[in-house]
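Reader: I am new to this structure and would like to learn how to read its features. Please begin with the general idea each time, then turn to the case at hand.

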Amino acid sequence: MKIGGIEPFSLIDFPGIPAAVIFTQGCDFRCPYCYVPQLVVPESYGSLLAEDQVLNFLESRKGKIEGVVITGGEPTLQQDLLPFIMLIKKMGFLVKLDTNGSHPEITESLIREQLIDYVAMDFKAPLEKYREMTRSLIDKEIIARSIALLIHSNIEYEFRTTVVKEDITFEDFKRMVDQIKGAKKYVLQKFIPKAPLVDPSYEKKHPLDLEEIEKWKNYALSRIKKVIVRNY
(Lines give C-alpha, C1' and ligand atoms only; values in the text may rest on other atoms or scores of the structure.)
Protein backbone atom coordinates (compact mmCIF):
# COMPACT_ATOMS: atom_id res chain seq x y z
CA MET A 1 0.00 0.00 0.00
CA LYS A 2 1.25 3.45 -0.92
CA ILE A 3 0.00 5.53 2.00
CA GLY A 4 0.64 9.25 1.72
CA GLY A 5 -0.88 10.36 5.01
CA ILE A 6 -3.31 9.71 7.84
CA GLU A 7 -5.78 11.86 9.77
CA PRO A 8 -6.14 10.43 13.27
CA PHE A 9 -9.70 11.58 13.93
CA SER A 10 -12.61 12.86 11.87
CA LEU A 11 -16.30 13.37 12.54
CA ILE A 12 -17.16 14.44 8.99
CA ASP A 13 -15.63 11.91 6.59
CA PHE A 14 -17.69 8.83 7.57
CA PRO A 15 -21.35 9.81 8.14
CA GLY A 16 -22.29 9.22 11.76
CA ILE A 17 -19.04 7.42 12.58
CA PRO A 18 -15.91 8.75 14.33
CA ALA A 19 -13.10 7.61 12.07
CA ALA A 20 -9.48 7.81 11.05
CA VAL A 21 -8.75 8.71 7.42
CA ILE A 22 -6.04 7.01 5.35
CA PHE A 23 -4.84 8.79 2.22
CA THR A 24 -3.43 6.64 -0.57
CA GLN A 25 -0.97 7.96 -3.13
CA GLY A 26 -1.66 7.84 -6.86
CA CYS A 27 -4.64 8.65 -9.08
CA ASP A 28 -5.67 7.98 -12.68
CA PHE A 29 -7.57 11.30 -12.95
CA ARG A 30 -6.27 14.86 -12.98
CA CYS A 31 -9.33 16.78 -11.86
CA PRO A 32 -8.21 20.43 -11.87
CA TYR A 33 -10.02 21.36 -8.63
CA CYS A 34 -8.50 18.49 -6.63
CA TYR A 35 -7.02 19.86 -3.39
CA VAL A 36 -4.50 17.06 -2.74
CA PRO A 37 -1.95 17.35 -5.59
CA GLN A 38 0.60 15.71 -3.29
CA LEU A 39 -1.41 12.50 -3.65
CA VAL A 40 -2.22 12.84 -7.35
CA VAL A 41 0.61 14.47 -9.29
CA PRO A 42 3.83 12.38 -9.21
CA GLU A 43 6.16 15.39 -9.17
CA SER A 44 4.33 16.63 -6.05
CA TYR A 45 4.39 13.32 -4.15
CA GLY A 46 5.47 13.43 -0.52
CA SER A 47 7.02 10.65 1.52
CA LEU A 48 5.12 7.44 2.25
CA LEU A 49 4.09 5.95 5.58
CA ALA A 50 5.00 2.35 6.29
CA GLU A 51 1.98 0.04 6.20
CA ASP A 52 2.95 -1.58 9.53
CA GLN A 53 3.16 1.86 11.11
CA VAL A 54 -0.37 2.69 9.95
CA LEU A 55 -1.79 -0.65 11.11
CA ASN A 56 -0.13 -0.28 14.52
CA PHE A 57 -1.60 3.20 14.82
CA LEU A 58 -5.09 1.90 14.02
CA GLU A 59 -4.67 -0.83 16.61
CA SER A 60 -3.93 1.88 19.18
CA ARG A 61 -7.14 3.71 18.21
CA LYS A 62 -9.49 0.89 19.22
CA GLY A 63 -12.16 2.28 21.50
CA LYS A 64 -11.49 5.82 20.30
CA ILE A 65 -12.77 5.47 16.72
CA GLU A 66 -15.29 3.15 15.09
CA GLY A 67 -14.36 3.43 11.44
CA VAL A 68 -11.60 3.91 8.90
CA VAL A 69 -11.98 5.88 5.68
CA ILE A 70 -9.71 4.92 2.79
CA THR A 71 -9.40 7.75 0.32
CA GLY A 72 -6.81 9.18 -2.03
CA GLY A 73 -5.71 9.74 -4.64
CA GLU A 74 -7.62 6.71 -5.87
CA PRO A 75 -7.54 3.72 -3.47
CA THR A 76 -8.66 1.13 -6.04
CA LEU A 77 -5.29 1.52 -7.82
CA GLN A 78 -3.56 -0.04 -4.82
CA GLN A 79 -2.61 -3.66 -5.49
CA ASP A 80 -2.78 -4.59 -1.81
CA LEU A 81 -6.10 -2.89 -1.08
CA LEU A 82 -8.15 -6.03 -0.38
CA PRO A 83 -5.71 -7.69 2.05
CA PHE A 84 -5.09 -4.32 3.71
CA ILE A 85 -8.81 -3.83 4.34
CA MET A 86 -9.07 -7.40 5.62
CA LEU A 87 -6.56 -6.51 8.34
CA ILE A 88 -8.54 -3.40 9.25
CA LYS A 89 -11.81 -5.35 9.42
CA LYS A 90 -10.15 -7.91 11.71
CA MET A 91 -9.56 -5.07 14.17
CA GLY A 92 -13.33 -4.54 14.27
CA PHE A 93 -13.54 -1.26 12.36
CA LEU A 94 -16.17 -0.24 9.86
CA VAL A 95 -14.62 0.74 6.52
CA LYS A 96 -15.64 3.47 4.10
CA LEU A 97 -14.17 3.64 0.59
CA ASP A 98 -13.86 6.90 -1.34
CA THR A 99 -13.48 6.23 -5.06
CA ASN A 100 -13.67 7.95 -8.43
CA GLY A 101 -15.41 4.91 -9.93
CA SER A 102 -12.66 4.06 -12.40
CA HIS A 103 -12.28 0.45 -11.21
CA PRO A 104 -15.75 -1.00 -10.58
CA GLU A 105 -14.34 -4.54 -10.55
CA ILE A 106 -12.38 -3.71 -7.37
CA THR A 107 -15.34 -2.03 -5.68
CA GLU A 108 -17.52 -4.99 -6.65
CA SER A 109 -15.05 -7.44 -5.08
CA LEU A 110 -14.95 -5.43 -1.86
CA ILE A 111 -18.74 -5.36 -1.67
CA ARG A 112 -19.04 -9.06 -2.48
CA GLU A 113 -16.49 -10.00 0.20
CA GLN A 114 -18.25 -7.71 2.72
CA LEU A 115 -15.05 -5.77 3.30
CA ILE A 116 -16.56 -2.30 3.08
CA ASP A 117 -19.57 -0.74 4.77
CA TYR A 118 -19.98 2.54 2.90
CA VAL A 119 -18.91 3.88 -0.50
CA ALA A 120 -18.62 7.52 -1.54
CA MET A 121 -18.22 7.82 -5.31
CA ASP A 122 -17.23 11.11 -6.88
CA PHE A 123 -19.50 11.86 -9.83
CA LYS A 124 -17.51 14.45 -11.73
CA ALA A 125 -19.68 15.54 -14.66
CA PRO A 126 -22.21 14.25 -17.19
CA LEU A 127 -20.84 11.01 -18.59
CA GLU A 128 -20.36 12.66 -21.97
CA LYS A 129 -17.93 15.20 -20.44
CA TYR A 130 -15.98 12.80 -18.24
CA ARG A 131 -12.73 12.80 -20.19
CA GLU A 132 -12.73 16.57 -20.39
CA MET A 133 -13.42 17.09 -16.70
CA THR A 134 -11.07 14.40 -15.38
CA ARG A 135 -8.34 15.12 -17.95
CA SER A 136 -8.04 11.39 -18.52
CA LEU A 137 -8.89 8.73 -21.09
CA ILE A 138 -11.55 7.07 -18.93
CA ASP A 139 -14.29 5.22 -20.81
CA LYS A 140 -17.65 6.65 -19.73
CA GLU A 141 -19.09 3.13 -19.72
CA ILE A 142 -16.78 2.25 -16.83
CA ILE A 143 -18.22 5.10 -14.80
CA ALA A 144 -21.75 4.05 -15.78
CA ARG A 145 -20.94 0.55 -14.53
CA SER A 146 -19.79 1.92 -11.17
CA ILE A 147 -22.97 3.95 -10.88
CA ALA A 148 -25.15 0.92 -11.60
CA LEU A 149 -23.13 -1.21 -9.19
CA LEU A 150 -23.89 1.08 -6.27
CA ILE A 151 -27.51 1.78 -7.14
CA HIS A 152 -28.28 -1.94 -7.34
CA SER A 153 -26.24 -2.96 -4.29
CA ASN A 154 -27.35 -3.25 -0.67
CA ILE A 155 -24.41 -1.23 0.64
CA GLU A 156 -24.72 2.28 2.04
CA TYR A 157 -23.40 4.79 -0.47
CA GLU A 158 -23.45 8.32 -1.77
CA PHE A 159 -22.61 10.03 -5.02
CA ARG A 160 -20.96 13.40 -4.65
CA THR A 161 -20.19 16.26 -7.00
CA THR A 162 -17.87 19.18 -6.42
CA VAL A 163 -19.57 21.99 -8.32
CA VAL A 164 -17.32 24.53 -10.05
CA LYS A 165 -19.56 27.27 -11.42
CA GLU A 166 -17.58 27.71 -14.64
CA ASP A 167 -17.45 23.97 -15.42
CA ILE A 168 -20.93 22.53 -14.87
CA THR A 169 -24.03 24.23 -16.21
CA PHE A 170 -27.53 23.61 -14.91
CA GLU A 171 -28.23 21.66 -18.13
CA ASP A 172 -25.18 19.52 -17.40
CA PHE A 173 -26.47 18.97 -13.90
CA LYS A 174 -29.88 17.85 -15.10
CA ARG A 175 -28.20 15.20 -17.25
CA MET A 176 -26.15 14.10 -14.26
CA VAL A 177 -29.24 13.72 -12.10
CA ASP A 178 -30.85 11.58 -14.80
CA GLN A 179 -27.71 9.43 -14.95
CA ILE A 180 -27.96 8.59 -11.23
CA LYS A 181 -31.76 8.63 -11.06
CA GLY A 182 -33.04 6.49 -8.20
CA ALA A 183 -29.88 6.85 -6.11
CA LYS A 184 -30.23 6.83 -2.32
CA LYS A 185 -28.07 9.87 -1.64
CA TYR A 186 -26.46 12.67 -3.62
CA VAL A 187 -24.10 15.23 -2.11
CA LEU A 188 -23.36 18.60 -3.68
CA GLN A 189 -19.97 19.68 -2.39
CA LYS A 190 -18.88 23.30 -2.21
CA PHE A 191 -15.86 24.06 -4.37
CA ILE A 192 -13.20 25.88 -2.37
CA PRO A 193 -10.83 27.85 -4.64
CA LYS A 194 -7.87 27.69 -2.33
CA ALA A 195 -4.31 26.51 -2.97
CA PRO A 196 -2.94 23.97 -3.40
CA LEU A 197 -4.97 22.66 -6.34
CA VAL A 198 -3.94 20.31 -9.16
CA ASP A 199 -4.54 23.19 -11.57
CA PRO A 200 -3.56 26.49 -9.91
CA SER A 201 -5.70 28.45 -12.38
CA TYR A 202 -8.76 27.07 -10.54
CA GLU A 203 -7.96 29.35 -7.63
CA LYS A 204 -9.72 32.03 -9.73
CA LYS A 205 -12.89 29.97 -10.33
CA HIS A 206 -16.04 30.02 -8.21
CA PRO A 207 -18.51 27.88 -6.24
CA LEU A 208 -22.24 28.23 -6.78
CA ASP A 209 -23.91 30.84 -4.61
CA LEU A 210 -26.51 29.83 -2.03
CA GLU A 211 -29.54 30.57 -4.22
CA GLU A 212 -28.16 28.56 -7.13
CA ILE A 213 -27.18 25.54 -5.05
CA GLU A 214 -30.66 25.42 -3.48
CA LYS A 215 -32.20 25.44 -6.96
CA TRP A 216 -29.96 22.53 -7.98
CA LYS A 217 -30.71 20.64 -4.79
CA ASN A 218 -34.47 21.00 -5.25
CA TYR A 219 -34.26 19.80 -8.83
CA ALA A 220 -32.28 16.72 -7.79
CA LEU A 221 -34.80 15.88 -5.07
CA SER A 222 -37.39 15.22 -7.76
CA ARG A 223 -35.40 12.16 -8.85
CA ILE A 224 -33.12 11.22 -5.94
CA LYS A 225 -34.21 10.21 -2.47
CA LYS A 226 -31.82 12.32 -0.42
CA VAL A 227 -29.83 15.36 -1.54
CA ILE A 228 -27.61 17.38 0.78
CA VAL A 229 -25.25 20.33 0.38
CA ARG A 230 -21.84 19.91 2.00
CA ASN A 231 -20.04 23.15 2.69
CA TYR A 232 -16.68 21.76 3.81
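Author: Start with the core. A nonpolar core is a set of buried Ala, Val, Leu, Ile, Met, Phe, Trp, Tyr and Cys residues joined through side-chain atoms within 4.5 Å. Buried means under 20% relative accessible area, exposed over 50%, and partly exposed in between, with a 1.4 Å probe and protein chains only. The model is predicted: local features need pLDDT of at least 70 and side-chain atom pairs count only at pLDDT 80 or more, while totals for chains, interfaces and linings use all residues. Residues are numbered from 1 along each chain as its sequence is written, and side-chain values use heavy atoms, with hydrogens and water left out.

Reader: Which residues touch the most other members of the largest nonpolar core?

Author: That core has 70 residues, and Leu58, Phe84, Ile88, Phe123, Phe159, Phe173 and Tyr186 touch the most other members. Strand S2 gives the most to this core, five residues. Helices (H or I, at least four residues) and strands (E, at least two) are DSSP runs, numbered from the N terminus.

Reader: What does Leu58 touch?

Author: Contact means heavy atoms within 4.5 Å. Not counting residues up to four places away in sequence, Leu58 touches Ile6, Ala20, Ile22, Ile65, Val68, Ile88, Met91 and Phe93.

Reader: Is Thr24 buried or exposed?

Author: Thr24, in strand S2 (residues 19-24), has a relative accessible area of 0%, so it is buried. For its side chain, look for polar contacts: a polar contact is a pair of N or O atoms within 3.5 Å; within protein, one must be able to donate a hydrogen and the other to accept it, and residues adjacent in sequence count only if both atoms are side-chain atoms. The side chain of Thr24 reaches the backbone oxygen of Thr71 at 2.9 Å. Leaving aside neighbours within four places in sequence, the residues in contact with Thr24 include Met1, Leu39, Gly72, Gly73 and Gln78.

Reader: Is Gln114 buried or exposed?

Author: Gln114 is exposed, because its relative accessible area is 65%. This residue has a positive phi of about 55 degrees although it is not a glycine, and lies in the loop between helix H4 (104-112) and strand S5 (118-122). Arg135 also has a positive phi, near 50 degrees; with a relative accessible area of 43%, Arg135 is partly exposed.
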